[in-house]
Amino acid sequence: MIVRPIAGGLEVLAPAKLNLFLEILGRRSDGYHELETVMVAVDLYDTLVFNNDPTGAITLHCDDSTLPAGRDNLVVLAAEKLRNRSGREHGVTIELRKAIPAQAGLAGGSSDAAATLVALDRLWNLRTPSQVMDDLAGEIGSDVAFFRNTPAAICRGRGERVEALPKVGPLHFVLICPPVGVSTVDVYRTLVPPDQHLPIGPVIDALTEGQTAALGRSLFNRLQPVAETIVPELKRVRDALASLGPLLDGHLMSGSGSAYFGLARNQGAAQAAVRHLETLGLGRVRVVSCGL
Ligand code: C5P
């Protein structure tokens, strides 16, 4: 995430994530799934502006009226949890401009929540210990902790146990966001955990060694066939990426969907892939990158 001081407050750019690998290790007694995933942050950003409110109110204004503006929004939940932890009566006005689509597997809401924790810790001058920030992040959502560890990390447990990876990339992707979203809860409910697990090693080696072709061969997401059963039209997106041949080293669905990405051989190939995919009417198509 990118944090900038502005007059009277802070502006934060909250990135989207892509999963380059996602394996399910089993179902837990609390209903969550134990997973092993590799995530990278990409340069598709929501924008959040934070201004102190001396009245002590926490207020969210969002340019997408379909999103909740109360505690159902992870931004408000994060602000309230941090304020409760501080034991003080801080207030804030938050303006949220959305660019990351919901129900896409890009963790926009989780990234906004992580941005809120980081920004308000600074704005309210709390100096919250790192372990407490990690605990709060884990309580808010499985993907929130990752965004304090960008650009790349291995995430385990529910996703909240994060091991940061050294600098990666640059990597260039073509990203397709279909008009239909997928419910994460539905995907996990439909999933049958596998007996045999695919190892995470090859994707980490390829990522840290900058071997794009090997990375393309090791892309894997256990949730993809499940999402494609729930929303069959997603197979068209997968097939369109598969048809791009030499422009891409591989392609995958991100998280629990519905966004898909192709790993491009280089930036020019990513732009060529966008031009081709834009003609097919599969959804919003753009180039995104990480590690620039
Ligand atoms: O933690 P988060 O709110 O992101 O998770 C959303 C839903 O996804 C959970 O309520 C759960 O049904 C499912 N989930 C899961 N296992 C995970 C992460 C999420 O079953 N590791």
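Let me start with the shell around the ligand: by class it has three nonpolar, five polar and one charged residues. For these classes, Ala, Val, Leu, Ile, Met, Phe, Trp, Tyr, Cys and Pro are nonpolar, Asp, Glu, Lys and Arg are charged, and the others, Gly among them, are polar.

Before I go on, a word on the source. This is a predicted model, in which local features need pLDDT of at least 70 and side-chain atom pairs count only at pLDDT 80 or more, while totals for chains, interfaces and linings use all residues. Residues are numbered from 1 along each chain as its sequence is written, and side-chain values use heavy atoms, with hydrogens and water left out.

Which residues surround the ligand? They are Gly31, Tyr32, His33, Leu35, Gly141, Ser142, Arg158, Thr184 and Tyr188. A residue is near a molecule if one of its heavy atoms lies within 4 Å of it. Two elements, β3 (33-52) and α4 (184-190), each supply at least two residues of this shell. Helices (H or I, at least four residues) and strands (E, at least two) are DSSP runs, numbered from the N terminus.

Now the polar atoms at the ligand. A polar backbone atom of histidine 33 is 2.8 Å from a nitrogen atom of the ligand. An oxygen atom of the ligand lies 2.5 Å from a polar side-chain atom of serine 142. At arginine 158, a polar backbone atom is 3.0 Å from a nitrogen atom of the ligand. Of the 450 Å² of accessible area that the ligand has on its own, the protein covers 74%. Those areas come from the Shrake-Rupley method with a 1.4 Å probe; for residues, only the protein chains shown count as cover.

Where does the ligand sit? It sits in the largest pocket. A pocket here is an open set of points, on a 1 Å grid over the protein atoms alone, where a 1.4 Å probe fits, with protein on both sides within 12 Å along at least five of seven lines. A molecule sits in a pocket if more than half of its atoms lie within 2 Å of its grid points.

Next, asparagine 19, which is in strand β2 (residues 9-27). Is asparagine 19 buried or exposed? It counts as buried, because its relative accessibility is 3%. The cut-offs are under 20% relative accessible area for buried, over 50% for exposed, and partly exposed in between, with a 1.4 Å probe and protein chains only. The side chain of asparagine 19 makes a polar contact of 2.5 Å with the side chain of lysine 17 and another of 2.8 Å with that of threonine 37. A polar contact is a pair of N or O atoms within 3.5 Å; within protein, one must be able to donate a hydrogen and the other to accept it, and residues adjacent in sequence count only if both atoms are side-chain atoms.

On to the backbone. Most residues other than glycine have a negative phi, and most peptide bonds are trans. Threonine 150 and proline 151 are joined by a cis peptide bond, with omega about 15 degrees. Proline 151 is in the loop between α3 (130-140) and β6 (152-156). Another cis bond runs from glycine 169 to proline 170, with omega near 10 degrees; proline 170 is in the loop between β7 (161-164) and β8 (171-177).

As for phi, asparagine 125 has a positive value near 55 degrees and is found in the loop between α2 (108-123) and α3. Arginine 127 is also in the loop between α2 and α3, and its phi is positive at about 50 degrees. Arginine 127 is exposed, because its relative accessible area is 71%.

Last, a few distances, C-alpha to C-alpha. Leucine 96, in strand β5 (residues 92-97), is 84 residues from valine 12 in sequence and 9.7 Å from it in space. Serine 86, in helix α1 (residues 74-86), is 166 residues from leucine 252 in sequence and 41 Å from it in space. A polar side-chain atom of serine 86 also lies 2.7 Å from the backbone oxygen of arginine 83. Finally, valine 285 is in strand β12 (residues 284-290), eleven residues from valine 274 in sequence and 6.1 Å from it in space.

How values were computed. On a 1 Å grid over the protein atoms alone, a cavity is a set of points where a 1.4 Å probe fits but cannot get out, and a pocket is an open set with protein on both sides within 12 Å along at least five of seven lines; lining residues have an atom within 4 Å of a point.
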